[in-house]
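Q: Hi! Could you walk me through this model?
A: Happy to, here it comes.

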Amino acid sequence: MWPLLVIPSDFVARLLPRLEGRVLPVHSTFERSLNLSVGPTVLLTVTSPSLGRSPFGLVAETELGAILPAIRRAGRVTYRTGTWQVDENPVLTLSPRPPYPTGLTAHTPVPGVSAAAFHQLLLSLAEPEQGGLAEVLPHWPCGQPLSQVAVPPPANLSPGVARAWEPMMVFDHAHTPDLVEAAPRLLGLGLGLTPSGDDFLLGFVAGRLAQGRRDEVRALGRALSHRVFDATSLVSASYLRHAFRGRFGSQLRRLIAVLHSRSADPQELRTAVLGAIQVGSTSGWDTLVGLLTALYRFQHEQDPVLPR
């Protein structure tokens, strides 16, 4: 029954007063979500509860399917004091529940799971034809000193993944200036609303922030923030812009919390990974490859000659 109750993210809760009386065009709709245009570079995402919670979104307390046809037909939604209306009929209304958080929760900057253990878990869950950056998992240069990781891409990688191989290796071990120089090569690399290269960056940034490497993330943000809206889709650029400011979706937040708990439970970690890989067709996997790279990078910082 209309209107559906929605809970805003902490970011959106601060944005709402500026939206009073605004007509928000529909940017895109899907089976369980929709994106509204707030401005040329600002999106508001509304998701069904089964999709998790976006850093720049509203999550409905029930599935969105009943209201999506009306919103698609109208092509726009008007916001008035806690309600979103289509032709003056309320379709969404703010829940009395508090906004949901988007920042990371890391009880300790030291991951409770080694890069090798996380790598093995991903390998155990990946299907043979997984696609996306998950293709690199069996070929990652494990067992070598990290100073010797200049390995050419395997011949059997798909062309898009092969193009990502070299800059991904830079993220694994290089000094920050080289990392910043390599990062633009990943922007927009791949297909879909959130290309694989962007998802990799998202996971890497989350991992490095959880490890306390804020200076490195700030350097990436300075290098990429002015490029993202020209280099990739508006949806993907929005996720990256929020990531540089420390805001992430619920599945990745949960996984980071488990990875950085004082006693990471193996079953809890597996459950969190399974939740993260459900995002998109390959986006979840691409994000986890970025997070794995951040774990290997942390290991290298602790002992540059430690074998993987």
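Q: Is Thr-293 buried or exposed?
A: Thr-293 has 0% relative accessibility, so it counts as buried. Buried here means under 20% relative accessible area, with a 1.4 Å probe and protein chains only.

Q: What should I know about the model itself?
A: It is a predicted model, where local features need pLDDT of at least 70, side-chain atom pairs count only at pLDDT 80 or more, and totals for chains, interfaces and linings use all residues. Residues are numbered from 1 along each chain as its sequence is written, and side-chain values use heavy atoms, with hydrogens and water left out.

Q: Thanks! Where does Thr-293 lie?
A: Thr-293 is in helix 12, residues 283-302. Helices are DSSP runs (H or I, at least four residues), numbered from the N terminus.

Q: And which residues does Thr-293 touch?
A: Not counting residues up to four places away in sequence, Thr-293 touches Trp-140, Met-168, Phe-171, Asp-172, Phe-200 and Phe-204. Contact means heavy atoms within 4.5 Å.

Q: Let's take Met-168. Where does it lie?
A: Met-168 belongs to helix 4, residues 159-173. Met-168 counts as buried because its relative accessibility is 0%. Leaving aside neighbours within four places in sequence, Met-168 is in contact with Leu-133, Val-136, Trp-140, Leu-186, Phe-200, Val-289 and Thr-293.

Q: Changing topic: which residues of helix 3 are buried?
A: In helix 3 (residues 115-125), they are Ala-115, Phe-118, His-119, Leu-121, Leu-122 and Leu-125. Seen down the helix axis, these buried residues fall within an arc of 160°, so they line one face of helix 3. That arc is taken from the directions from the helix axis to the C-beta atoms.

Q: What do the buried residues of helix 3 pack against?
A: They pack against helix 10 (250-259), helix 11 (266-276) and helix 12.

Q: How do helix 10 and helix 11 cross?
A: Their axes come within 9 Å and cross at roughly 160°. The axes are lines fitted to C-alpha atoms, for helices over the stretch in contact, and angles run from 0 to 180 degrees between N-to-C directions. Helix 10 and helix 11 are therefore roughly antiparallel (angles over 145 degrees).

Q: Which residues of helix 10 are buried?
A: Leu-252, Arg-253, Leu-255, Ile-256, Val-258 and Leu-259 are buried in helix 10. The buried residues of helix 10 pack against helix 3, helix 6 (196-210), helix 11 and helix 12.

Note on methods
Helix = DSSP H or I, 4+ residues; strand = E, 2+ residues; numbered from the N terminus. Buried < 20%, exposed > 50% of the residue type's maximum accessible area, 1.4 Å probe, protein only. Parallel < 35°, antiparallel > 145°, perpendicular 65-115°, else oblique.
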